[in-house]
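Subject: Structure handover

Hi,

Here is the structure I promised you. Please open it first, then read my notes below.

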Protein chains: 2
Amino acid sequence: MTGVIRSNEVRRGNRGLVLSAVRTGGLVSRTDIGRKTGLSAATVSAITSDLIADGFLIQPADVGQASTSSRRGRPKVALSVNPMAALIGVVIFQFNRVSAAIVNYSGAKISECSRDLTSADLSREGVRDVLVECLQAALNSSGLKKSLLMRIAVSVQGVTDVAGKYLLWSPITDHRDLPVADWMRQAFGVAASVSNDCDLMARALNRREPDRYGTSFASIMLSYGVGMGLFLRGDIINGLNTSGTEFGHMVYQPGGALCRCGRLGCIEAYAGDYAIQRAAFGRPNYTPPPALTDPIDFKKISDLAHSGDPRAIHAIEEAGRAIGTGLVSLFALVDAFPIALIGQGTIVFDLMEPAIRKALQGAVAGEGPSIEIHCFTDENPLVAEGCALTALVVLDEEIADAAVN
Amino acid sequence: MTGVIRSNEVRRGNRGLVLSAVRTGGLVSRTDIGRKTGLSAATVSAITSDLIADGFLIQPADVGQASTSSRRGRPKVALSVNPMAALIGVVIFQFNRVSAAIVNYSGAKISECSRDLTSADLSREGVRDVLVECLQAALNSSGLKKSLLMRIAVSVQGVTDVAGKYLLWSPITDHRDLPVADWMRQAFGVAASVSNDCDLMARALNRREPDRYGTSFASIMLSYGVGMGLFLRGDIINGLNTSGTEFGHMVYQPGGALCRCGRLGCIEAYAGDYAIQRAAFGRPNYTPPPALTDPIDFKKISDLAHSGDPRAIHAIEEAGRAIGTGLVSLFALVDAFPIALIGQGTIVFDLMEPAIRKALQGAVAGEGPSIEIHCFTDENPLVAEGCALTALVVLDEEIADAAVN
DNA sequence: CCTATTTAATTCGAGGGTCGAAAAAAATAG
DNA sequence: CTATTTTTTTCGACCCTCGAATTAAATAGG
């Protein structure tokens, strides 16, 4: 049961369509919008005129035209999102670092701010205070009216609830069930949501490279633990209650190596940063993972392995086997899709790839070797982009819904 | 991008809502429909009057009222689906057996027919011919006009394409890529689809027990191999290209026991019928699974195990560990949900359950022991029900879409 | 310079939808 | 036999999209 459809909801849906066409299109004419959305020129005209009147779209005066106009006829008049229509706050909570930014409605960063700290030492209130203070500082330094702030998106390393209200569990703090969204809402008086960083990276790739990542793919982060963001048929996949898609905690070797989560044999217990380090330095795989300390120096292990150290090589290969085996299980469920590998771990991808491919061999009718895998070593730009994107998309939906009555 | 919404599509959606409210409700008044769907009385009146005029709904004359009417006021007039509005054909292709039935638009079985045969011996055309002939016989014995046949749904043991056109792979025949839907369409001149039997069982449970299985659950079939039907948030999950959710081919022990699919270590290679038999009788786990033969006699293994045979007990426990471990991986992806175990394998569930629960222990924040697991030993009624249901639901959608222009 | 042509955007009525309020229908209570 | 209650239909207001006609704004070319 999808629920009743009423007449005015038609308008809401189509307003959203127009808004999203302009957001992804940059500078587009009304005719372009009609072609992209399938709406008639009459309807596009009506909707854009509303959105302009409400201040969400503008006709940039200086830009005459989108395309190189050498044809005759009345020239297209380009529309774009109004950068000043709203501000959003972006906060990123990482290991030993909090950063924040103010982004305008067209997605451009206005100001930013960051704090280095020891995340494991923070009290619950300490976490709250640093998140709030950092965004406050970014807001202050933006020099813009605070009343323009419309929404806040927070990225965290860890598991959130599916509604985006709580940070339920995180490897970088011992606190649980932190009401991050409420903290931000109370401090700034606007709606806020909190998301898993891997989901945000996936959203960024999904928007940034629609040809490759527009419909179905997984982004697997190899740095602090093993995380995943999963898109299937154009939609992000989450758990029923949590942010879910914890690829790192699928089982690779039942009863095997000790994982940071306390269970045995998880993929992360073989492919996580601490697991590779543990294996590379010959420590037994039941060695408890170092809690809340620095991510390992992948560079050191990479150097060791590339200089021929057999334990380092074996550690990396075992990580590849774990990842490849996990992908086989995932592909058994939903068929194969391209993979984006993200994070510091990608600097040993050359040594890891053969093991991944070998594990995939024979899975899903010979598709093994043809699975696309691409690497992105620096996750930070993706997280920031995905975080802003999330807030903007939700804002667009709210604006679309806020039609007359 | 969800796509444009036009005015007449609003009507289509709401017609579908009304139709589905009547189908699930049995005998419902217009007021009831309004309450169930959220539509206004005026709209319900308009839509039902259309649907009655088109012959899809009727007001059964003999039934005055749905509820026990002892209140005053104008009595409700009950509506129901018109059983004579359409016929659908149901065909079930199983190991060494084909069965077919004719079901009317209200879901009642009109006639049926079955054929025992040796499925492994059939040629491609032989498969086609027996499926067509069996349904033809059921149709003939129904005694109803053949022109009433509107749609055919076929259930198969095996992997189908996601569009429901082909049987791509099956354990019960060596043929591949059988165009089952086209065969039926060409033979009977109506639209047809082919579905994985485990998906159909899940659909049947989803409809039959909405309180327990209405939103999220998995049905795992333990008989001929290991199959799964998965519902999340009310929608069935399929692969990107195939019917997918091949739980049995997630990896349990990398490099482990030989699976019927040719790979090593699949869950099915430990929990499938042939795997349990192999282990119970002390044959090595690299013994090739007997191809295309009878499903094993679970009763014999059950008797052995219940009489204390250590190898039989161990075989069943290992199957439980494999299933439990697979669930841990699945729950890592999408969080925990209730499980329905289906098929002959459930007769050893008492010996299997402790191993399943132990594997789940500690997974997903102490939810291990509280996962609901219920057993259904006979899968056949579920498959038949799900198969008819699938055709009826699609038919309802077509009828809803066939609004005026 | 001026007109024909071309393309973009707006305006205007037609048509289809849902909804609330009022009206009609069909029973019971007394 | 009338008042009351509940269900169902009817009617008018309002919203939305669309096609066709109209208006707007440029170029091409004599």
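This is a predicted model: local features need pLDDT of at least 70, side-chain atom pairs count only at pLDDT 80 or more; totals for chains, interfaces and linings use all residues.

**An arginine in chain A**

Setting aside neighbours within four places in sequence, A:Arg23 is in contact with A:Val81, A:Tyr105, A:Ser106, A:Arg207, A:Leu392 and A:Asp396. A:Arg23 lies in helix 1 of chain A. Is A:Arg23 buried or exposed? A:Arg23 is buried, because its relative accessible area is 15%, and the cut-off for buried is under 20%. One of the contacts of A:Arg23 is polar: a polar atom of its side chain lies 2.9 Å from the backbone oxygen of A:Tyr105.

**DNA strand D**

Next, the DNA. DNA strand D is surrounded by 29 residues. The closest are B:Arg6, B:Thr31, B:Ser45, B:Gly73 and B:Arg74. Of the atoms of DNA strand D that come within 4 Å of the protein, 76% belong to sugar and phosphate.

- B:Val77 uses its backbone: an N or O atom lies 2.8 Å from a phosphate oxygen of DNA strand D.
- A:Ser40 also has a backbone N or O atom by a phosphate oxygen of DNA strand D, at 3.0 Å.

Which elements give two or more residues to the surface near DNA strand D? In chain A they are helix 1 (7–25) and helix 3 (41–53). In chain B they are helix 2 (30–37) and helix 3 (41–53). Helix 1 of chain A gives the largest share, five residues. That is the helix in which A:Arg23 lies. By class, the surface near DNA strand D has nine nonpolar, eleven polar and nine charged residues.

**DNA strand C**

Now the other strand. DNA strand C has 27 residues around it. Here the closest are A:Arg6, A:Thr31, A:Ser45, A:Gly73 and A:Arg74. Sugar or phosphate makes up 74% of the atoms of DNA strand C within 4 Å of the protein, and bases make up the rest.

- A:Arg6 has a polar side-chain atom 2.8 Å from a phosphate oxygen of DNA strand C.
- B:Thr43 has a side-chain N or O atom 2.8 Å from a phosphate oxygen of DNA strand C.
- B:Ser40 has a polar side-chain atom 3.0 Å from a phosphate oxygen of DNA strand C.

Helix 2 (30–37) and helix 3 of chain A each give two or more residues to the surface near DNA strand C. So do helix 1 (7–25) and helix 3 of chain B. Helix 1 of chain B gives the most, with four residues. The residues of this surface divide into eight nonpolar, ten polar and nine charged.

**Where the two chains meet**

Last, the protein interface. Here 52 residues of chain B are in contact with 51 residues of chain A. About 3700 Å² is buried between chain B and chain A. Carbon and sulfur atoms give 60% of that area. How many salt bridges cross the interface of chain B and chain A? The rule finds zero. Polar contacts are there, though: 22 residue pairs between chain B and chain A, both residues at pLDDT 80 or more.

On the side of chain B that touches chain A, helix 1, strand 11 (225–232) and helix 11 (310–334) each give two or more residues. That side divides into 25 nonpolar, 21 polar and six charged residues.

Best wishes

Note on methods:
Residues are numbered from 1 along each chain as its sequence is written. Chains are lettered from A and ligands numbered from 1 in the order in which they are written. Side-chain values use heavy atoms; hydrogens and water are left out. A residue is near a molecule or strand if one of its heavy atoms lies within 4 Å of it. A polar contact is a pair of N or O atoms within 3.5 Å; within protein, one must be able to donate a hydrogen and the other to accept it, and residues adjacent in sequence count only if both atoms are side-chain atoms. Ala, Val, Leu, Ile, Met, Phe, Trp, Tyr, Cys and Pro count as nonpolar, Asp, Glu, Lys and Arg as charged, and the others, Gly among them, as polar. Contact means heavy atoms within 4.5 Å. Buried area is the accessible area (1.4 Å probe) that two parts lose on being put together, summed over both. A salt bridge is a side-chain nitrogen of Lys or Arg within 4 Å of a carboxyl oxygen of Asp or Glu. Buried means under 20% relative accessible area, exposed over 50%, partly exposed in between (1.4 Å probe, protein chains only).
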